[in-house]
Amino acid sequence: MIETDRRVREVPPSLTLPIIGRYLPVMRSDGPALMPLFRSQHQAELLMWLLLHPEQEYGVTEMATRLAVPLTTLHREVIRLDEAGLIVSRTQGRNRLIRANINHPAAKALTQLLEITFGPRAVIAEEFAIDGAEQVVIFGSWAARYQGQAGPPPNDIDVLVVGKVDRADLYDAADRANARLGIEVNPVLRTVEQWADPDDSLVAQIKETAHVTVLDSREPVNS
C-alpha cells in the first residue's frame with residue numbers, strides 16, 4: 001500500500017504579470033470577476049477611464065472621487081501603472097495629474113480589452129446622458145460580473161433609464177453605446193414614480209439583484 005503524502009505545498013501569495021520588462025503584482029483574491037488578469041478592480045477601472053479618455057488629464061484626487069476609491073488606495077495603483085509605463089504623470093503645485101500613455105505598445109490592445117469589460121460603466125453613462133434621464137442603471141449579467149459574482153462573460157448590457165425620456169433618444173443612445181462597445185445594449189425605461197413603486201416587477205427584480213448606477217442627475221460628478 002502506497003502511503004499518501006500528507007504534506008501541503010505552500011502556495012505563493014501572488015502572481016506577477018510581465019508588461020514590457022516590468023512586473024505588476026497580481027493578487028489572486030483581488031482580481032475582478034470581469035477580467036481577473038488585473039491586480040484589482042481599482043486598477044482596471046482607473047486604467048479604463050484613462051484609456052477611454054486618452055486626451056484628458058485627471059487629478060488623482062478627482063479620480064478617487066469619480067471611482068469611489070480611497071485616495072491612498074488609488075495612489076498605490078497610480079504608482080504601479082506609472083512604473084509600468086502605462087500612464088504618465090506630472091506634478092502641478094500640490095496636485096498629481098495623470099493620463100494614459102497612448103504610446104505604450106500595449107495601449108491599443110488594453111483599450112480594446114477594457115472597452116468590452118469595464119468600459120460600459122463609462123460608455124453607458126456618457127451615451128445615456130440624454131434629456132430627461134434622471135438615473136441610469138446597468139443591471140443583469142454585466143452588473144453581476146462587475147460586482148464580483150462568478151460566471152461567464154456577459155453577452156449584452158441591460159440598461160434602465162429613469163425619467164421622462166423620448167424613446168427615440170433612448171434607442172439612439174443604445175445604438176451609439178452598441179457601436180462603441182461592440183456588444184448589444186438593451187434599454188428599458190421607467191418613470192420616477194415607477195422606479196419608486198414596489199409593485200413594479202422589473203424594478204423589484206433590479207433592486208433585489210446586482211445593479212450599478214452609472215448616472216444620477218441628483219449627484220453631480222466633478223469634472
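Asp172 counts as partly exposed because its relative accessibility is 40%, where buried means under 20% relative accessible area, exposed over 50% and partly exposed in between (1.4 Å probe, protein chains only). Asp172 lies in helix H7, which covers residues 167–181; helices (H or I, at least four residues) and strands (E, at least two) are DSSP runs, numbered from the N terminus.

This is a predicted model, in which local features need pLDDT of at least 70 and side-chain atom pairs count only at pLDDT 80 or more, while totals for chains, interfaces and linings use all residues. Residues are numbered from 1 along each chain as its sequence is written, and side-chain values use heavy atoms, with hydrogens and water left out.

When neighbours within four places in sequence are left aside, Asp156 is in contact with Ser141, Trp142, Ile183, Glu184 and Asn186, contact meaning heavy atoms within 4.5 Å.

Helix H5 (residues 119–127) is largely enclosed by the rest of the structure, because eight of its nine residues are buried. Among these buried residues of H5 are Gly119, Arg121, Ile124 and Glu127.

Turning to the whole chain, there are nine helices and nine strands, and 45% of the 223 residues count as buried. Of the contacts between residues at least 6 apart in sequence, 64% join residues at least 24 apart.
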